[in-house]
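Visitor: Please show me the model, and let us then discuss some of its local features.

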Amino acid sequence: MSVDEDTRWLEWVTKQFESIAGEDKEIDLDEFKTALKVKESFFAERFFALFDSDGSSSISLDELLGALDLLIHGSETDKLRFLFQVYDVDGHGSIDPDELRTVLKSCLRESAISLPEEKLDDLTLALFESADKDQSGAITFEELKAELETFPEVMENLTISAANWLKPPDVDQKKRQTPRYLTRAYWHNNSRKLFFLVLYALLTLLLFVGAVLQNRQGGIWFMVAKGCGQCLNFNCTFVMVLMLRRCFTWLRATWVVRVLPLDQNILLHQIVGYAILCFTLVHTTAHCGNFVLLAEQSSFQFWEFLLTTRPGIGWVKGTASLTGVVLQVVICLMGLCSSTFVRRSGHFEVFYWSHLSYIWVWSLLMVHCANFWKWFVVPGVMFLLEKIVGIAVSRMGGLYIVEVNLLPSKVTHLVLRRPQFFHFKPGDYVYINIPVIAKYEWHPFTISSAPEQPDSLWLHVRSMGQWTNRLYEYFRQLESPAQSPAGSPRKLASSLRIRRQLLRMQNELFSSAHSNGAVASNEDEAVELTMYRHNDSAAVTPPPQSPEPPPDEAGPAERGEAPPLREVPAKFAENHRFCNIKCYVDGPYGTPTRQIFASEHAVLIGAGIGITPFASILQSIMYQYRMRKQNCPKCSYSWFENIKDSEMKLRKVDFIWINRDQKSFEWFVSLLTKLEMDQADEEPEGRFLEMHMYMTSALSKNDMKAIGLQMALDLLAKKEKRDSITGLRTRTQPGRPEWEKVFQKVFEENKGKVHVFYCGAPALAKVIKAQCEHFGFHFYKENF
């Protein structure tokens, strides 16, 4: 921080202290904890003890400012001495293993990381052995200083972290800069959408002006009403065209995708919907103004013009006014129920059922306006054909849910038996109807399995609304093998079925690997075994795979003999269900992620359950990647050919997954482990697929409470070649990504045309999109 920023910050600290301290001008430990907002009291107590220089069990303003001044303006040695004192719990001038373990345990609690006691011991020993250079059994200040200096940016982070504990919210001091919408990068990256919107606006304007001029003899109110009415004729049919999903999926495979913004049809649908709402309000208001004038010139009153058929306005028995009032109410309700607040607050069903009112809107428009049918006939026939085809396809398949896995954070992993005629692309989505949950409701979900997976179809459903919660609870309440009475036929049958499924999986893995001559290291075997054995540890339990995994996803066979049958963890049995439940699927429908194979450097960013489309994409990419693997006939060396060709131009893939908590990584950690194993061999041009994991609840490296833990995690990861949080080789980073640095690294790699694909919360999408515009990257976002 600069001198001015330091001054302002210390002024703010003084005001905060005075507001907390009260009349005695001092704060006790409880008030200090409240000010720090820490989860674990250990660090609050240690800081309080160090700030309380006179040992009075309270901190005065002078003591607080003196300590903060040391942390901000002190030398590196002063700051390191303070950190050493935090770790030296008993104050004997050295840190023993028990003290270090206590500190790391508190660090884990602060970061919301759950590790078994054995793993905590491993972390403690890794850091202690690395720091205790003379092997004296205790870490001195000089040894701690030497250890910290081996980690880059530790001193800078230590300084920032101490200040951030009581740092005020960032003051909004934005520099004056060119508005984002006026930059050249924005217009370049949004050229198709902007071009389309300009054409749409011009066409709407021409229709409005044409209708106004045609009806200029009726007065200003009548002219405005007719102008808006003509715009409504166009928009009420065009809004339907933008939702012809099957047509759009077909168009994505043609040259049209390079001209029209097909990937943003949902956004354009929303814009046209808001335009309909606005035109409807102005249209109704203008007619009301016209009715006032007509009431003064005729025997009918205003309310008779508006709410009766007596004046005879309209081509169907004078019902134009009545149908217009009903249309106004229905359209306003549809607009209200389509708002983000309703859709994102767990009330998706409200949006779903209210949106079906479009049938009544079109029916009433036929009665309300004599010319609407001319606008409606062609789009209406196309829409009707799409619906008929969709119903036919969904009923022909005879799909069944054959397996269900209940994952953390209330995520339901559905495994469907895939019909032979069902073909899709990576990242596509489907609408699914499960009659036992809701007979008439259809909900869209991304397909998370790869197209190369022939026998099964995966869907991952996050419980965020009424339907998704009912789905999760339905399968949770089904009797599982672990819940059946002891010795009952159900328990024995289910247990035997699980064992047979696992045995068949292992035989297939062995046969596939043996026939292909695949050889893996003992390290790979250890990774896979760890993933299955650690139920509640850092190496989280992966979601169980399909009963019949495809050969391309087979794991390694280490020796020329069948591997032993692995024990089924209790958690696996409790959260795993075999079933045979009827369902219907409409789709598949294309998404913006279909553009991934047209890019040379793809950056996939998933936030939480937003990883779902990328699970399918990553599997498909790696399947094609493995097809190009070459083995030397004379030795065990293997390499990959250059995969750049007409079908797949990808030269590099960066996958970034951001999760709030540790358990969320369990959703796809098994899949990511397999992808890492596929890249066990070093490649001349670097790794084709790089993974970057972020856990936002974990304290970042610029927080003093996390420095020791992050050092220990780094040391243990290097030693075990495995991350302690996820079990992957990729180290999980704490906090949120620094997007400017992330994209700067991508820009400097210069692997070719960069396309960034994002699926997750809309707020983060804005941040990422702004960075993409800055670096000139193409940005694609999943919109449904």
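Guide: Helices (H or I, at least four residues) and strands (E, at least two) are DSSP runs, numbered from the N terminus. This is a predicted model, in which local features need pLDDT of at least 70 and side-chain atom pairs count only at pLDDT 80 or more, while totals for chains, interfaces and linings use all residues. Residues are numbered from 1 along each chain as its sequence is written, and side-chain values use heavy atoms, with hydrogens and water left out.

Visitor: Is K317 buried or exposed?

Guide: K317 lies in the loop between helix 15 (302-307) and helix 16 (320-337). Buried means under 20% relative accessible area, exposed over 50%, and partly exposed in between (1.4 Å probe, protein chains only). Because its relative accessibility is 78%, K317 counts as exposed.

Visitor: What phi does K317 have?

Guide: Most residues other than glycine have a negative phi. K317 is not a glycine, yet its phi is positive, at about 55°.

Visitor: Where is N750 found, and what is its phi?

Guide: N750 is found in the loop between helix 28 (739-749) and strand 15 (754-759). With 62% relative accessibility, N750 counts as exposed. Although N750 is not a glycine, its phi is positive, at about 50°.

Visitor: Which peptide bond is cis?

Guide: Most peptide bonds are trans. P588 has its place in strand 8 (residues 576-589). With omega near 5°, the cis bond is the one from G587 to P588.

Visitor: Which residues of helix 11 are buried?

Guide: Helix 11 (residues 191-214) has 24 residues. Its buried residues are K193, L194, F196, Y200, T204, L207, A211 and V212.

Conventions: The expected span of a helix is 1.5 Å times one less than its number of residues.
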